[in-house]
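Could you look over this chain with me before we discuss it?

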Amino acid sequence: MWRAERRLALVYDEEYLEHEQHPTHPERRERLSYTVDRLREEGVLEVEGIELVEPRPAGREELELVHEPEHVELIRRMSEQGGGVIDADTIVTGRTYEQARLAAGGALRAVELTVSGEYDVAFAMVRPPGHHAGRAKAAGFCYFNNVAIAAEYALRELGVERIAILDWDAHHGDGTQEIFYDRDDVLYVSIHQDGRTLYPGTGFPHEVGEGRGEGYTVNIPVPPGSGDRTYRRAFERIIDPIVREYGPDLILISAGQDCHFTDPITNLSVTARGYEWMMRRAVKLAEEVNALGPVAVLEGGYSVEDGLPYTNLAVICGLAGLPTDLREPVGSPEENPEGPERVEEVARRLSGYWEVLSRS
Ligand SMILES: [Zn+2]
């Protein structure tokens, strides 16, 4: 039997399958049920050192660490009254408030278990996702910002002083960016499909933060069709050097798995192997800078059969240090050759903020 190199907490609850806006909505229950089936088939849940851990619901005061009380109250009241519509993609049902609290609490649990040393790394496999939720806004399938709540909680309650959030979801995490835009104790780095070609239409290199936070928001938009080579270049040229220079105590990952080439609502070309490479790289980075984590929190990923179960498996193997023999379920993608050059352009634009980028 395999043994994990690092103790991994997989935070998961069957309640996460119950959240449903409607059966044909991309953010649907099969995203997680197929993943869990895949993990069982591969024997991952029997690996020594990998454990399923139950989440806890986030308390109201924990949600209010990053959200306006009025926003929390709006979602609560809409749920209590049986539901309502925030936008076409983001519908509240009678159970949304409780379900979104449990998702945020999954991220909190993952951070608690890692900071306490009970586990080396963690993956909160939660629904609904969170990174489009802003201080006073639900949007883009998101109600409460799971990763932002976990970050703020770690800073205020767990003695962590500096956090790097790496967001590799295909969409820009506009909610997370907004929440930490004027802060220097949270470095937010997002690599995503160019906002001129994908929701939410933000996340350009000139969005760098403000006040004390200037320079601590880093956006790396990549063109449609960008794949493993582009993401590799982004780690080598920007993400690794900046995170090393920043020196976080904890690394969080907004693990959006919708960059997979089979994803139906995005246009990127990342493979499951590419995801595994990124996670191994993030683990190595945490070791190098002596940071806790990584703690990954699931965001998007809508290729429920051919993409998400494999990318989630890839991320889990990368976190735990398990050997993998990942087969891509269907063919392999064409990669846009312009991707790496665009990464170079972003590196040049950010060189005024980061010593390591000005040298090269
Ligand atoms: Zn996404």
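The points below go from the whole chain to the sheet, the core and a few single residues.

1. This is a predicted model, in which local features need pLDDT of at least 70 and side-chain atom pairs count only at pLDDT 80 or more, while totals for chains, interfaces and linings use all residues. Residues are numbered from 1 along each chain as its sequence is written.

2. The protein chain holds eleven helices and ten strands, where helices (H or I, at least four residues) and strands (E, at least two) are DSSP runs numbered from the N terminus. Its C-alpha atoms fill a box of roughly 55 × 50 × 40 Å along the principal axes.

3. Of the 360 residues in the protein chain, 57% are buried. A residue counts as buried if 20 or more other C-beta atoms lie within 10 Å of its own, as exposed if 12 or fewer do, and as partly exposed in between, with C-beta atoms placed from the backbone. Two residues are in contact if their C-beta atoms, placed from the backbone, lie within 7 Å; among contacts between residues at least 6 apart in sequence, 77% join residues at least 24 apart.

4. An open sheet of eight strands runs in the order S2-S1-S5-S10-S9-S6-S7-S8, with parallel pairing, where two strands pair if DSSP finds at least two bridges between them. S2 and S8 are the edge strands, each pairing on one side only. The twist averages 15° from one strand to the next, with axes being lines fitted to C-alpha atoms (for helices, over the stretch in contact) and angles running from 0 to 180 degrees between N-to-C directions.

5. Strand S1 (residues 3-11) runs parallel to strand S2 (residues 48-53), and five bridges join them. The chain crosses from S1 through helix H1 (residues 30-41) to S2 in a right-handed β-α-β crossover; right-handed here says that, with the strands pointing away from the viewer, the path from the first strand over the helix to the second runs clockwise. Val 11 stands opposite Val 53 in S2 and also opposite Ala 124 in S5, S1 and S5 being parallel strands joined by four bridges.

6. S9, helix H8 (residues 272-288) and S10 form a right-handed β-α-β unit.

7. The largest nonpolar core has 115 residues, and Leu 8, Ile 149, Ala 150 and Val 297 have the most contacts inside it. Helix H4 (residues 96-115) gives the most to this core, with eleven residues. Such a core is a set of buried Ala, Val, Leu, Ile, Met, Phe, Trp, Tyr and Cys residues joined through C-beta atoms within 7 Å. Leaving aside neighbours within four places in sequence, the contacts of Val 297 include Ala 107, Ala 124, Ala 150 and Leu 252.

8. Ile 191 lies in strand S7 (residues 186-193) and is buried, because 28 other C-beta atoms lie within 10 Å. Beyond its neighbours within four places in sequence, Ile 191 touches Trp 168, Ile 220, Val 222, Tyr 231 and Ala 234 in the contact sense.

9. Some backbone details deserve a second look. Most residues other than glycine have a negative phi, and most peptide bonds are trans. A cis peptide bond joins Tyr 199 and Pro 200, with omega about 0°, and another cis bond joins Gly 293 and Pro 294, with omega about 5°. Pro 200 lies in the loop between S7 and strand S8 (217-222), whereas Pro 294 is found in strand S10.

10. Phe 141, in the loop between S5 and helix H5 (146-157), has a positive phi near 75° and counts as buried, with 26 C-beta neighbours inside 10 Å. Asn 290, in the loop between H8 and S10, has a positive phi near 60° but counts as exposed, with 9 C-beta neighbours inside 10 Å.
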